[in-house]
Amino acid sequence: MTPRVAASIGDRLLDRALATAVARAGAPGRIRFTERQLYYEMCRVLRPSHAVPRRLPLTPAPPVRYERFEEALRRHGAVPGLLAPAPAPASADDFREPSAPSPPSAPDLYDYGLPRLLICQSRQVARMLLANDVHLDAACPVFAADDLPLDPRLVTGLGRVDGATVHVLHDASVDGIALTGRVRDVVPGVRVSSMGLVPRHATALHLISPRGPAQVLAQGPGPLTLPAALGPRERDWLADGRFAEVESVSPARLLRTVLRLVRGPRTPGHSVWTGLRELRTAGFMTWPTNRPGDTRTQGDQPATRNPVQG
């Protein structure tokens, strides 16, 4: 087999894997996703490590280089649901003095309390969550870490609500885990909760884990000090240069997890069974019916004693 034939066969395999990844990334319900999420979905097609039982810790290396994925993406053409790349951050030459916060269109917009807020390490992840209306479904503003420090009016709104929480969504990396401490410094007095990822999440979910240069973990106070809750294996995993990005989580799982954690515990929904339980405790003839010719509504009638409850 000549090198040209082998390369052609490899390209066809990647093209098929990409087509499968495109269908999976947007399911169910035409989810919007980023380019890196599509890359990791393609990696799961080529190496389905997510099918391995979760009790076996595993963080496999990417089965294909990102450059090969980009080549397959150019051959594939337009991808429905794929978000455009985020604009490049402004360079030092484009720096301007920050202006004062612009007044809101509704003057009393910042007079209300803000119970929760989400900060993402990756701007692309923040854009993906916004594109899928997470900020509307969870009633939670979504920002990127690049937006820090927050508008002082937002911090004031958080302070008006008892138990207000700033959730932090970050990569399983040294810089990502340290982001939670940075956020605590900019919202003093407000509860800050790390939503993950951490190495134990990556190993349990069998996330694709590239390898970077070895990391020197800080032992004392500092910008890269890691929380004490990390176990020795997790610290060794990070020190070895391993990391897992939030975008390596499948788009559907990421949306479900963010909504569940940001919303908090949900009250049980009403069903036939809950209705029957309520009737069982209500008693017989708790609400009397109107007599013929009586024009009063139920709310106008005098309260009657529950015969079951005495």
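1. Start at arginine 65. With a relative accessible area of 53%, arginine 65 is exposed. Its side chain meets that of glutamate 67 in a salt bridge, 3.4 Å from N to O. Glutamate 67 has 44% relative accessibility, so it counts as partly exposed. Keep in mind that this is a predicted model.

2. Helix H3 covers residues 66–76, and its buried residues are Tyr66, Phe69, Ala72 and Leu73. These four sit on the same side of H3, because they cover an arc of only 115 degrees around the axis. An α-helix has 3.6 residues a turn, so residues three or four places apart point the same way. Just after H3 comes glycine 77, with a positive phi of about 90 degrees.

3. Now the aromatic rings. The count of aromatic pairs is four. Tyrosine 39 and tyrosine 40 are both buried. Tyrosine 66 and phenylalanine 69 are also a tilted pair, because their planes stand at 55 degrees, with ring centres 5.3 Å apart.

4. Where do tyrosine 66 and phenylalanine 69 lie? Both are in helix H3, three residues apart, which is about one turn of the helix. Phenylalanine 69 has 0% relative accessibility, so it counts as buried. Tyrosine 66 is at 17%, and it counts as buried too. Ring pairs link Tyr39, Tyr40, Tyr66 and Phe69 into a cluster.

5. Helix H4 spans residues 123–131. Its buried residues are Gln124, Val125, Ala126, Met128 and Leu129. What do they pack against? The list is helix H2 (35–46), strand S1 (116–120), helix H5 (134–137), strand S2 (142–144), strand S3 (165–169) and helix H10 (251–263).

6. Look at both ends of H4. Serine 122 caps the N-terminal end: one of its side-chain oxygens lies 3.2 Å from the backbone nitrogen of glutamine 124. Just after the helix, aspartate 133 takes a positive phi of about 65 degrees.

7. Next, charge pairs. Side chains of opposite charge can pair when their charged atoms come close. This structure holds twelve salt bridges. Arginine 123 takes part in one with aspartate 146, where the closest N and O atoms are 3.7 Å apart. That pair links distant parts of the chain: arginine 123 is in helix H4, while aspartate 146 is in the loop between S2 and helix H6 (152–159), 23 residues apart. Arginine 123 is partly exposed, at 30% relative accessible area. Aspartate 146 is exposed, at 56% relative accessibility.

8. Arginine 123 also forms a salt bridge with aspartate 147, with the closest N and O atoms 2.8 Å apart. Aspartate 147 sits in the loop between S2 and H6, and the two residues are 24 residues apart. At 31% relative accessibility, aspartate 147 counts as partly exposed. Elsewhere, salt bridges that share partners join Asp11, Asp15, Arg68, Glu71 and Arg75 into one network.

9. Last, the cysteines. Cysteine 120 is buried, at 0% relative accessibility. Cysteine 140 is buried as well, with a relative accessible area of 3%.

How values were computed:
Residues are numbered from 1 along each chain as its sequence is written. This is a predicted model: local features need pLDDT of at least 70, side-chain atom pairs count only at pLDDT 80 or more; totals for chains, interfaces and linings use all residues. Side-chain values use heavy atoms; hydrogens and water are left out. Buried means under 20% relative accessible area, exposed over 50%, partly exposed in between (1.4 Å probe, protein chains only). Contact means heavy atoms within 4.5 Å. A polar contact is a pair of N or O atoms within 3.5 Å; within protein, one must be able to donate a hydrogen and the other to accept it, and residues adjacent in sequence count only if both atoms are side-chain atoms. The arc is that of the directions from the helix axis to the C-beta atoms. Rings of Phe, Tyr and Trp (its six-membered ring) pair if their centres lie within 6.5 Å; planes under 30 degrees apart count as stacked, over 60 as edge-to-face and the rest as tilted. A salt bridge is a side-chain nitrogen of Lys or Arg within 4 Å of a carboxyl oxygen of Asp or Glu.
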